[in-house]
Amino acid sequence: MPCSACKLLRRRCIQECIFLPHFPAAEPQKFIAVHRIFGASNISKMLQEIPKENREDAVISMVYEATARLRDPVYGSVGIISALQKHVFHLQLELNEALAEAMSLKTQLSDPLSLPLLLEDSPFTPENHEFHHFQNPSEQNAYANASDTLLLLPEAADHYYLQQTDVFPLPYLNV
């Protein structure tokens, strides 16, 4: 059975085909993406120059880079890495804020005179929360809220809006 490369290129696949172990006929999308970005002859040259034990890793890298380049023609995988670095930076900021708040609450709790004032302003009192109790077990829903709708994700949760930061500067990107 011909590999997906030979099938796409409409040529006869031989036993020694360099594409055969890496681009099986069952996964044609891998070769299509890599072929669009690098070209068949360049892929063949790269695979021939790489030792056989490292070729699978090279193919995985080429497929990842080609897929990223097709999604984002300007930045490719660098854009994904940059966005993830920014996301990590913002998560670190949130973690630092949460740790600072926890330390503040810990110091406030260590002072016995501030405890009554702290409990009055606490958002974790029963008066500040609605508690749902269902009599019938079939009515229980882990995601129930006041409007009885499912709120699994906030709106536009699949698109992250990341602000520009100077934490991980990439000199060749002007984002």
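Residues 24 or more positions apart account for 45% of the contacts in the chain with a separation of 6 or more; a contact means heavy atoms within 4.5 Å. This is a predicted model, in which local features need pLDDT of at least 70 and side-chain atom pairs count only at pLDDT 80 or more, while totals for chains, interfaces and linings use all residues. Residues are numbered from 1 along each chain as its sequence is written, and side-chain values use heavy atoms, with hydrogens and water left out.

View 1. Helices (H or I, at least four residues) and strands (E, at least two) are DSSP runs, numbered from the N terminus. How much of the chain counts as buried? Of its 175 residues, 22% do. Buried means under 20% relative accessible area, exposed means over 50%, and partly exposed lies in between (1.4 Å probe, protein chains only). The chain's accessible surface comes to about 13800 Å². Carbon and sulfur atoms hold 58% of that surface. These areas come from the Shrake-Rupley method with a 1.4 Å probe; for residues, only the protein chains shown count as cover.

**View 2. Helix α2 packs against helix α3.** Two packed helices are described by the angle between their axes and the distance between the axes. Here α2 spans residues 28-38 and α3 spans residues 40-49. Their angle is about 100°, and their axes are 7 Å apart. That makes α2 roughly perpendicular to α3. Axes are lines fitted to C-alpha atoms, for helices over the stretch in contact, and angles run from 0 to 180 degrees between N-to-C directions. Angles under 35 degrees count as roughly parallel, over 145 as roughly antiparallel, 65 to 115 as roughly perpendicular and the rest as oblique. From α2, the contact uses F31, V34, H35 and F38. From α3, A40, N42, I43 and M46 take part. By class, this contact has six nonpolar, two polar and no charged residues. Ala, Val, Leu, Ile, Met, Phe, Trp, Tyr, Cys and Pro count as nonpolar; Asp, Glu, Lys and Arg count as charged; the others, Gly among them, count as polar. G39 follows α2, and its phi is positive, near 90°.

**View 3. Helix α2 also meets helix α4.** The two axes come within 8 Å and cross at roughly 70°. That makes α2 roughly perpendicular to α4. On the α2 side, K30, A33, V34, R36, I37 and F38 make the contact. On the α4 side, the residues are M62, V63, E65, A66, T67, R69 and L70. This contact has eight nonpolar, one polar and four charged residues.

**View 4. Helix α2 has a buried face.** Its buried residues are K30, F31, A33 and V34. Seen down the axis of α2, they fall within an arc of 160°, so they line one face of the helix. The arc is that of the directions from the helix axis to the C-beta atoms. The cover over these residues includes α1, α3 and α4.

**View 5. Helix α3 buries A40, I43, S44 and L47.** Why do they line one face of the helix? Seen down the axis of α3, these buried residues fall within an arc of 100°, so they line one face. An α-helix has 3.6 residues a turn, so residues three or four places apart point the same way. The cover here includes α1 (4-9), α2 and α4 (55-71).

**View 6. L47 sits in helix α3.** Is L47 buried or exposed? L47 is buried, with a relative accessible area of 0%. Leaving out residues up to four places away in sequence, L47 touches I18, F19, H22, R55, V59 and M62. L47 and A58 are eleven residues apart in sequence, and their C-alpha atoms lie 7.7 Å apart.

**View 7. R69 lies in helix α4.** R69 is partly exposed, at 26% relative accessible area. Beyond its neighbours within four places in sequence, R69 is in contact with I37, V74, Y75 and G76. R69 and R36 are 33 residues apart along the chain, with 9.8 Å between their C-alpha atoms.

**View 8. R10 is in the loop between α1 and α2.** R10 is exposed, with a relative accessible area of 79%. Most residues other than glycine have a negative phi. The phi of R10 is positive, near 55°.
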